Amino acid sequence: MVIAASRHHPLANIHPTPEQLDEYNWLLPSDNVATRQWLEQRLRSGGYAAPRAQMESNTLSPLRAVLAQTQLLSFLSRRLLKGEGGELIEIPLPLVMMPRTFGWQFRSLSELSPASRLLVDLAEKRWPW
């Protein structure tokens, strides 16, 4: 998860200061969503103001076009930046780069259903472990 904006945004390709970041409004999920709470806490702990949400939506991925056409900032998965014809970019701020991982647990591969086994096989091809 990273700060995202239009590639034409004034903060594009700069590491923003607290004052620079505070000049812009955000497109964020509602304030009861864990990623927004994490973002707000990290920004405050780093001396930045909490983001001012101009728009709220718990489904941010379809709103990438809004980001691409405005000066709003958002907090999205890096994967969601790939789309919209390269119109979205990451605003470099290591303080709020949120790594996300996933995993699963099982006793043995022989106990898995065919669909679960296929998921494990596909994941092993993508992420060797």
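**Strand pairing, helix packing and cores in the predicted model**

Just after helix α2, Gly47 takes a positive phi of about 90°. Helices (H or I, at least four residues) and strands (E, at least two) are DSSP runs, numbered from the N terminus. The structure is a predicted model, in which local features need pLDDT of at least 70 and side-chain atom pairs count only at pLDDT 80 or more, while totals for chains, interfaces and linings use all residues. Residues are numbered from 1 along each chain as its sequence is written, and side-chain values use heavy atoms, with hydrogens and water left out.

Helix α2 covers residues 34–45. The expected span of a helix is 1.5 Å times one less than its number of residues. For the 12 residues of α2 this gives 16 Å, and the end C-alpha atoms are 16 Å apart, which agrees. Buried residues are those under 20% relative accessible area; exposed ones are over 50%, and partly exposed ones lie in between (1.4 Å probe, protein chains only). In α2, the residues Thr35, Arg36, Leu39, Glu40 and Leu43 are buried. Seen down the axis of α2, the buried residues fall within an arc of 135°, so they line one face of the helix. The arc is that of the directions from the helix axis to the C-beta atoms. Contact is taken as heavy atoms within 4.5 Å. The cover over the buried residues of α2 includes α1 (18–21), β2 (25–28), β3 (52–56) and β4 (73–76).

Aromatic pairs were counted next. Rings of Phe, Tyr and Trp (its six-membered ring) pair if their centres lie within 6.5 Å; planes under 30 degrees apart count as stacked, over 60 as edge-to-face and the rest as tilted. The count comes to one aromatic pair. Trp38 and Phe75 form this pair, which is stacked, at 6.0 Å centre to centre and with 20° between the planes. The pair links distant parts of the chain: Trp38 lies in helix α2 and Phe75 in strand β4, 37 residues apart. Trp38 is partly exposed, with a relative accessible area of 24%. Phe75 counts as buried, at 3% relative accessibility.

Strand β1 (residues 2–6) is mostly covered, with five of its five residues buried. Two strands pair if DSSP finds at least two bridges between them. β1 pairs with β4 in the antiparallel sense over three bridges. Here Ile3 stands opposite Phe75, and Val2 stands opposite Leu76. β1 also pairs with strand β5 (residues 88–91), in the antiparallel sense over four bridges. Ala4 stands opposite Glu90 in β5. β2 and β4 pair in the parallel sense over two bridges. In a regular strand the side chains alternate between the two faces of the sheet. In β4, Leu73 and Phe75 point one way and Ser74 and Leu76 the other way, and all are buried.

Leu27 is found in strand β2. It is buried, with a relative accessible area of 1%. Its bridge partner in β4 is Ser74. Not counting residues up to four places away in sequence, Leu27 touches Met55, Leu60, Leu63, Val66, Leu67, Leu72, Leu73, Ser74 and Phe75. Leu27 and Ala4 are 23 residues apart in sequence and 9.8 Å apart in space, C-alpha to C-alpha.

A nonpolar core is a set of buried Ala, Val, Leu, Ile, Met, Phe, Trp, Tyr and Cys residues joined through side-chain atoms within 4.5 Å. The largest such core has 19 residues, of which Ile3, Leu21, Trp26, Leu43, Leu73 and Phe75 touch the most other members. Elements giving two or more residues to this core are β1, β2, α2, β4 and β5. A second, separate core of 11 residues includes Val2, Leu60, Ala68 and Leu72. In soluble globular proteins, nonpolar side chains tend to be buried together.

Two loop residues complete the description. Asn13 is found in the loop between β1 and α1. Its phi is near 65°, a positive value in a residue other than glycine. Asn13 is exposed, with a relative accessible area of 69%. Pro62 is found in the loop between β3 and α3 (64–68). At 55% relative accessibility, Pro62 also counts as exposed. Pro62 and Leu119 are 57 residues apart in sequence and 26 Å apart in space, C-alpha to C-alpha.
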